[in-house]
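Thanks for coming. I will take this one from the strands to the core and then to the loops.

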Amino acid sequence: MLYIQGEETRDTWLGHVRSVDAANQSVSVNFYVKSTRWPDRNLYVRKTYDPHAARQTVNYKSILNIAQGEWVSANSWRLL
């Protein structure tokens, strides 16, 4: 899981890397957002399950850092 810089300065996203394209210096990610169902548990769930919109390509320059956390289930990530 990576911290990804969004379009605005204050926009930071969590992205789960699905593939790496070293030749184009980019990664394919699924974005995760804070769970509205359990906001106090620091859980993140995939932003969309639409197969046509699920993956986004992100340039290496937009990667801010590695996110520390753990998988709680197949679709839930807990940020530490």
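When I say strand, I mean a DSSP run of E with at least two residues, and strands are numbered from the N terminus. By that numbering, N42 is in the loop between β3 and β4. I will come back to that loop. Please keep in mind that this is a predicted model.

Strands, then. Look at β8, residues 76–79. Strand β4, residues 43–46, pairs with β8 in the antiparallel sense, over three bridges. Strand β7, residues 69–73, also pairs with β8 in the antiparallel sense, over four bridges. Between β7 and β8 there are two residues, and the two strands form a hairpin.

Now the core. Which residues make up the largest nonpolar core? There are seven: M1, L14, Y32, Y44, A67, W77 and L79. As a general remark, nonpolar side chains in soluble globular proteins tend to be buried together.

What does L14 touch, leaving aside residues up to four places away in sequence? The list is M1, L2, Y3, N30, F31, Y32, Y44, A67 and W77.

How many salt bridges does a search of the whole structure find? One. The partners are E70 and R78, with their closest N and O atoms 2.8 Å apart. Are these two buried, or partly exposed? E70 has 35% relative accessibility, so E70 counts as partly exposed. R78, at 28%, counts as partly exposed too.

Last, the loops. The phi of Q25 is near 50°, and Q25 lies in the loop between β2, 12–21, and β3, 26–34. Q25 is partly exposed, because its relative accessibility is 44%. N42 has a relative accessible area of 26%, so N42 is partly exposed.

That is what I had to show.

Terms used
Residues are numbered from 1 along each chain as its sequence is written. This is a predicted model: local features need pLDDT of at least 70, side-chain atom pairs count only at pLDDT 80 or more; totals for chains, interfaces and linings use all residues. Side-chain values use heavy atoms; hydrogens and water are left out. A nonpolar core is a set of buried Ala, Val, Leu, Ile, Met, Phe, Trp, Tyr and Cys residues joined through side-chain atoms within 4.5 Å. Buried means under 20% relative accessible area, exposed over 50%, partly exposed in between (1.4 Å probe, protein chains only). Contact means heavy atoms within 4.5 Å. Two strands pair if DSSP finds at least two bridges between them. A salt bridge is a side-chain nitrogen of Lys or Arg within 4 Å of a carboxyl oxygen of Asp or Glu.
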